[in-house]
Amino acid sequence: MNKIITQLQVAIQHHQSGEFEQAQQLYKNILQIEPTNHEALHLLGVLNAQIGNYEFAEKLIMKACQIFPKNEIYQFNLGNVKKDLIKNEEAIDAYTRAIKINPNYYQAYFVRGNQYLQKKEYATAILNFKKAVQINSKYKEALTNLGNCYEKTKKFELALNQYEIILKIEKNNVGALINKGNIHIALKNYNEANKIYDALLEIDENNEDAYFNKGICYFEIKNYVESLKFINRCIELNKHHIDALNTKGQIYKNLGQYENSEIIFKQCIEINSKFISAYINLAGLYIENKKEKKALDIIDIGILQNPNSAQIYASQGAIYLKINLLKEAQDSFEKAYQMDPLNIKIIVNLADNLFERKEFTKAIEYYEKALALDDSYKYLLGPYLQSKMSVCNWSRLKEIKINLIDRINNKSIFMHPLPLLAVTDSILIQNKVSRNFTTDIHEEKNILGKFNNLIKNKKLKIAYFSGDYIKHPVAYLTIQLFEMHDRENFDVIGMSYGTKPRDTMTEKIEKVFDKFIDCSNNTDIEIAKLARDLQIDIAIDLSGYTQNGRPNIFSFRVAPIQISYLGFPGTMGSKYIDYIIGDKYLIPKNYADLYTEKIIYIPSYQVSNTNREVSTKQLNKNEYGLPEDKFIYCCFNNTFKITPSIFDRWSEILKEVKDSVLWLLGDMPEIQENLKAEIEKRGVNRNRIIFAERVSNSEYISRFKLANLFLDTFPFNAGTTANDALWAGLPILTYSGEAYASRMAGSLLTALDVKELIAKSENEYVSMAIEFAKNKEKINTIREKIEKNKFNSKLFDTTRTTKSIEKAFIEAYEIYENNLSVKNIYIET
């Protein structure tokens, strides 16, 4: 026995001295003599774990535990080996047994907390770290991880408290200072973060992480030149600092130095072939440069290197989504989700793809999962709200809207401007959201230089930019405008960046421009450079923040004058869009200052196409499921625009007018079922809603004639749909709010001189709708007036509208040419 004890002591000495071969042989000798010596089994297991033989180590330590189960150290080290073998649940069980044996075993609480931290079970991790600190109040590692947990759960003040405790224990603790600075970065307190890193550099002037994090501070405020200075200093200290190199690649990308960016990302991969961020950023660079195949190829390599990475599958999905391969995107996002079901970014990606596939009900399910994890996640509430409204799923909608408006006012949320138009008519709130969105996503880029107003074309070169030169409402409205422009004074160019396939409308539009350029495969900066090479004087953005828009193109300044028109019905919130085209009804003077653009006032803002095709097919009500003997209210606006409030008003109307039906668009079963259920809740028979299918544009316009009155939506009015209905002779009943989108139908009715169809309030809207149904003579008189006014009104006088726009363009150019500040432009005729 004494001999074994002596051998064990010698073996331990070798083990502690790092002489593993000698120690291992002695442990084996002991076990040959005494196979059940639990100390030798345990220590031999520990040694094998140290040299990476985890499976053998597991067997040895498990055997030691079986012989002597009440030893907390054995259980603790068994947990460590299980952890190394990625048997997380078994590791937790072993640590728990160690704690039961010794309730004051603070190291066991710490490592068990780490397992829960890895599983993202932050609440349980926090309990374990707290227990470790309770037993040993100076346990810096536990305090650090407790701070990390609070940081992960956005309890930043609590996280700061933990790091302050560490700094009281050790004044110059580098890790605590770094973490404290990082918290201030998360809180966007960049000046405070920089002070902390400066203090750290006084302690250690060569601290590479301090330089790196200072670089991040400047990166976050988009001061890329200053950021690069600190990032380069970090790389000087450590040429393999991969996070610094990765950030350097992103800086070059943001500065438009794409070749340098590519070189750096590739360098990151050479240093560490498993560095996921480099694959993702390089793929993003290729996508931005329209090199889709290269993007997918580099992600495939990244997947080979990291087959168990949810993040890289999510990136693959994002590429497929970007190039509109939605099924492939869905497959990638689902793989990522299966690997990491609590990753909010992956959940949102999955939901966004379902949204693009118009699988709104499924999208809602995933958006709600994301909201449960973090309801302040950037740009989450917008598509969630739009998904719900697209299928008329109004559960909790009022509560969501109130919360949304409150958070916009408190500047605690980012959202896309488009969904907001159906939420509020407040121009002030729309302005806040658009400005935040532009600043965050599409900030102005002054990298192509200024224009020279001394260089002048013989004729004004105007270019209309659009992603929708296809069968699209804006294309239908504007084609005659392009055709009617005065070629003696204007060169008219069409710039098409849409990714959807060409159709017959594309072919028609192509012919009416002097030059039509398909730049769908060009990057934003390439399009900007192309426009500058063409010496375009005035650029008109017809898409704005709509689905196929590319507003980032205009952030590079494609022309000295940039104008927003028609596509996005609201302020763009950017410094680089100089004007928006409107009229005095659409944008009243008392609201004009809440638009970031100056206003071009023309007699009627919406140009019309008087050459549009209208079906000559003989239509009858029976064919569309409409009753012959009832008053037909209709609304063919996108269902996304229908709110519970307006639906309440429609229900009141139907209750009062018994012999009436409501004719709506509804091409999804869930839309139909939801609206039928909602009308029943309001005490109206569900069969009084009739749904229209989508038909050809010519039949769609002709079909309006079968209805008696169009009921408009609020706060997002009909736009092109209102124009179509009025062209077909159908009266539209509307009421107006503050913002552009809530005044569109009113503008059209004013231009057509049928202002009597504009209600002054919701209540008047209801009473007028009822009165028109009960007084057929009144509605027929208005129909006759619409027909009479159609060809001598401002609304359908396309020649006049074209000339008004041209006058405005000439005046805008004169302002630029004379170095004057942009100002509102008034064209009266």
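This is a predicted model: local features need pLDDT of at least 70, side-chain atom pairs count only at pLDDT 80 or more; totals for chains, interfaces and linings use all residues.
Helix H15 covers residues 242-254 and helix H16 covers residues 258-271, and the two pack with their axes 7 Å apart at an angle of about 160°. Since angles over 145 degrees count as roughly antiparallel, that makes H15 roughly antiparallel to H16. The crossing of H15 past H16 is left-handed. On the H15 side, the contact is built from Ile242, Leu245, Asn246, Lys248, Gly249, Gln250, Tyr252 and Lys253. H16 answers with Tyr258, Asn260, Ser261, Ile264, Phe265, Gln267, Cys268 and Ile271. Sorted by class, the H15–H16 contact holds eight nonpolar residues, six polar ones and two charged ones.

Staying with H16, this helix also carries Glu262. With a relative accessible area of 17%, Glu262 counts as buried, because the cut-off for buried is under 20%. Its side chain has a partner: a polar contact at 2.7 Å links the side chain of Glu262 to the side chain of Tyr286. Setting aside residues up to four places away in sequence, Glu262 touches Leu282, Leu285 and Lys294 as well as Tyr286.

Next comes helix H23, which spans residues 381-390. Here 10 of the 10 residues are buried, so H23 is largely enclosed by the rest of the structure. The buried set takes in Leu381, Gly382, Pro383, Tyr384 and Leu385, and carries on through Gln386, Ser387, Lys388, Met389 and Ser390. What do the buried residues of H23 pack against? The surroundings are helical: helix H21 (344-356), helix H22 (360-373), helix H24 (397-409), helix H25 (417-420) and helix H32 (669-681) are the packing partners. Just past the end of H23, Cys392 adopts a positive phi of about 55°.

The last stop is Thr506, a residue of helix H28, which runs over residues 504-512. Is Thr506 buried or exposed? The relative accessible area of Thr506 is 4%, so this threonine is buried. Leaving out its neighbours within four places in sequence, Thr506 is in contact with Tyr469, Ile470 and Phe516.

Conventions
Residues are numbered from 1 along each chain as its sequence is written. Side-chain values use heavy atoms; hydrogens and water are left out. Helices (H or I, at least four residues) and strands (E, at least two) are DSSP runs, numbered from the N terminus. Buried means under 20% relative accessible area, exposed over 50%, partly exposed in between (1.4 Å probe, protein chains only). Contact means heavy atoms within 4.5 Å. Axes are lines fitted to C-alpha atoms, for helices over the stretch in contact, and angles run from 0 to 180 degrees between N-to-C directions. Angles under 35 degrees count as roughly parallel, over 145 as roughly antiparallel, 65 to 115 as roughly perpendicular and the rest as oblique. A crossing is left-handed if the near helix is turned anticlockwise from the far one by less than a right angle, and right-handed if clockwise. Ala, Val, Leu, Ile, Met, Phe, Trp, Tyr, Cys and Pro count as nonpolar, Asp, Glu, Lys and Arg as charged, and the others, Gly among them, as polar. A polar contact is a pair of N or O atoms within 3.5 Å; within protein, one must be able to donate a hydrogen and the other to accept it, and residues adjacent in sequence count only if both atoms are side-chain atoms.
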